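Good morning. I will take a few minutes to walk through one structure, starting with the terms and then the fold.

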Amino acid sequence: MNINNLKDKIGQSVTIGAWIANKRSSGKIAFFQLRYGAGFIQAVALKESLGEEKFQELKHLTQETSIKVTGTIKENQRELSGIELQIESFEIVSIATDYPITPKEHGVEFLADNRHLWIRSKKQHAILSIRNQIIKSTYDFFEKEGFLKMDPPILTSSSPEGTTELFNTKYFDEEAYLSQSGQLYMEACAMSFGKVFSFGPTFRAEKSKTRRHLIEFWMIEPEMAFCNHEESLEIQEKYVNYLINDILLKNETELKILERDIEGLKSATGTFPRIKYKDAIQLLKENGFDDIEYGQDFGSPHETFIANSYNKPVFITHWPKEIKPFYMKEDPENPGTVLCADLIAPEGYGEIIGGSQREDNYDVLLENIRAHDLNIDAYNWYLDLRKYGSVEHSGFGLGLERTVAWITGNGHVRETIPFPRLLNRLLP
Ligand code: 4AD
Ligand code: MG
């Protein structure tokens, strides 16, 4: 009943389970948009072939009514799917009454309240299908590159990205946090398996209400032993190129539904410019941004301006040590800065990757942990990695939802995850 690809069935008779997404009809012919799980298909019913009674019954079925429908798959090049279904018979499964999301426009808060239903709509279906493909392409890419997938814990005692945005929870009699990043654990795994990546939910109690911030988001975190900052940038570039090319190849229909500017995406592939933080500051100052000084983090107008100056994802490297986490390695050639990079997506989608070479010297790392006022007991195991066969290593984290937002051309991360967790939203 659940058929994955109806395109392979041209000329054949099929029976599918589906929901009525939309319909229009005249006296003799009715057109339906059916959602059959894997996608949408136009279905056509003729009074002549169904008979008066059945035709009237079908024509009056309400939006989101579920049916089992039998018919022949025909080619139709005017449809995005390239096919349509000629209905021969049907069976009603369950009639839906007063489905709240009608084809008219709705306010975004209303849609967000009905997210459990909103995910059925064509645009949301396309975005989430692309999200699924990005996850699959990620696994493919890292497998080809010889990485192993490892799973860090969600309940942790450490706070790699600073202590201000932690979700606290009780762990029996202890304090625990929901993971902000699996990185520290991935470093341990890299010392065993060489090249590893994780993919999982991460949590930030950020009081940010922007188009780029979720409270719960999913991150892909590769970590590589015997790998320096430059080599890590090369992998990041290759990975993002792979994602774009794979989505262009496999999600043509979804990109069309979303009216994504394909040329914009294509031109974002190739080599990504690398610019130093200090040069980015200079670029901004030369272009009238008086609100930023060396030593400050960028806001979204700054990121957008830098990205638009290149029309490609841009690596901003060599950030001041003071505004980056304790584990980043200082650049011996540019003291005061760390060997790190943020990758800023074009078209205003903001930072999609944060990564760095890690501090591999025991004494320096210990000093950094102390300087950041972190509880040393929670990091002794992490320091061990620098005691027993410490090596140069690097890694990065790609934010899945921001990447989906960019690739799908969707302005807000709340539509890039099935059930977004936002500052004021824990429902549905
Ligand atoms: O730059 P971040 O904080 O880096 C880390 O967590 C590193 N420990 C990763 C690593 O090196 N293994 O986060 C990485 C990425 C960001 O570039 C952004 O894409 C995404 O995670 N991100 C968020 N996405 C949605 N909502 C939020 N609140 C996000 N915070 C970070
Ligand atoms: Mg970052």
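Two strands count as paired if DSSP finds at least two bridges between them. Helices (H or I, at least four residues) and strands (E, at least two) are DSSP runs, numbered from the N terminus. This is a predicted model, where local features need pLDDT of at least 70, side-chain atom pairs count only at pLDDT 80 or more, and totals for chains, interfaces and linings use all residues. Residues are numbered from 1 along each chain as its sequence is written, chains are lettered from A and ligands numbered from 1 in the order in which they are written, and side-chain values use heavy atoms, leaving out hydrogens and water.

Now the fold. Five strands form a closed barrel in the order β1-β2-β3-β5-β4, and their pairing is mixed. On average, neighbouring strands of this sheet are turned by 55° against each other, direction ignored; axes here are lines fitted to C-alpha atoms, for helices over the stretch in contact, with angles from 0 to 180 degrees between N-to-C directions.

Which strand pairs with β1 over six bridges? That is β2, residues 29-35, antiparallel to β1, residues 13-25. S25 has A30 in β2 as its bridge partner.

Helix α2, residues 52-59, packs on the sheet and touches β1, β2, β3 (40-46) and β5 (83-94), contact meaning heavy atoms within 4.5 Å. The direction of α2 makes about 85° with that of β5.

As for the whole chain, there are 14 helices and 16 strands. The C-alpha atoms fill a box of roughly 85 × 55 × 40 Å, taken along the principal axes.
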